[in-house]
Amino acid sequence: MSASVDEEEIYSDVKDDQMSCNSIENIYVNKAVCDAVKFNKPGAPISDLEGSNTVKKRTCIATALILGLLCLLLLAGLLILLVLYTKGSDWEMKKSYNNQKEANQFQTKLQALNWTYFAGRRYYISSTVKTWQDSRTYCQRFGTDLVIVNSLEEQNFMQASKLQAWIGMTDLQTKLAWKWVNGTLLGSLSYWAAREPNNASGAEDCVELVFNGEYWNDAQCNNTDYWIGEWVGE
Ligand SMILES: [Ca+2]
Ligand SMILES: [Ca+2]
Ligand SMILES: [Ca+2]
């Protein structure tokens, strides 16, 4: 009877162990212990297993902290990019607005003062003086350039200004041949004054209207003249 009781107790203990081993919680937590009990194999010492679990928990916590930190860094990076993008867009919009505003002001000024139409073309006749390059730069800022003379009619039109004014021709780059500002070489059509171009002192590389606008002369580019701009394109 006593032996039977012992067997029952042993059986009960084993059963308890099996139930314990079958519970979901313990399957993952105490697998090594269960294996040791179920298969009657020497398992790892309990203290080692607990230590192992503690290490795993710490590893999990550390991993979670690192992931959280990475998420924060990623979020911060996205916020910085968003701020930079917004500022860049604002700056571009402001720049575009300023350029458009400047162009509109220029158009208004031209229309109010010196916009002139001839043979379907638009011209700007300056009311101040500048060097040849500064005159050209002024024109280019607003989509124009110094005038290119394509016909006797256009030459006569400029003569009507009666100004000593720069036109769009130079030999600054070639020193050998005269070129219009659009890169084409001067052809047979020309209106040089007598004994011009003479490249006086070896330093005359830009062309101006002289004799009340009737003829051309090569002059030093750093002289200051009025200028005539011609709208590029139609
Ligand atoms: Ca022209
Ligand atoms: Ca020259
Ligand atoms: Ca000259």
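**Exercise 1. Find what UniProt lists for residues 61–85, and describe the chain over that stretch.**

Solution. An unreviewed UniProt entry lists residues 61–85 under "transmembrane region"; UniProt positions are given in the numbering used here, feature names are shortened, and annotations may be inferred rather than shown by experiment. The structure is a predicted model, in which local features need pLDDT of at least 70, side-chain atom pairs count only at pLDDT 80 or more, and totals for chains, interfaces and linings use all residues. Residues are numbered from 1 along each chain as its sequence is written, while chains are lettered from A and ligands numbered from 1 in the order in which they are written.

**Exercise 2. State how many helices and strands the protein has, and in what pattern they follow.**

Solution. Helices (H or I, at least four residues) and strands (E, at least two) are DSSP runs, numbered from the N terminus. Counted in this way, the protein has six helices and eight strands, and reading along the sequence gives the pattern α-α-α-α-β-β-α-β-α-β-β-β-β-β.

**Exercise 3. Decide which residues of helix α5 are buried, and where they lie on the helix.**

Solution. A residue is buried if 20 or more other C-beta atoms lie within 10 Å of its own, exposed if 12 or fewer, and partly exposed in between, with C-beta atoms placed from the backbone. By this rule W132, S135, R136 and C139 are buried in α5, which spans residues 132–140. Seen down the axis of α5, these buried residues fall within an arc of 95°, so they line one face of the helix; the arc is that of the directions from the helix axis to the C-beta atoms. The buried residues of α5 pack against β2 (121–125), β3, β4, β6 and β8 (226–231), where two residues are in contact if their C-beta atoms, placed from the backbone, lie within 7 Å.

**Exercise 4. Work out which strands pair with β6, and why β6 is largely enclosed.**

Solution. Two strands pair if DSSP finds at least two bridges between them. On one hand, β4 (residues 165–170) and β6 pair in the antiparallel sense over two bridges, and the bridge partner of W166 is E208 in β6. On the other hand, β6 and β7 (residues 215–219) pair in the antiparallel sense over five bridges, with V207 standing opposite D218 in β7. Finally, four of the five residues of β6 (residues 206–210) are buried, so the strand is largely enclosed by the rest of the structure.

**Exercise 5. Identify the backbone features at R195, P197 and F211.**

Solution. Begin with the general rule: most residues other than glycine have a negative phi, and most peptide bonds are trans. In the loop between β5 and β6 lies R195, whose phi is near 65°, a positive value; with 7 C-beta neighbours inside 10 Å, R195 counts as exposed. That loop, between β5 (179–180) and β6, also holds P197, and a cis peptide bond with omega of about 0° joins E196 and P197.
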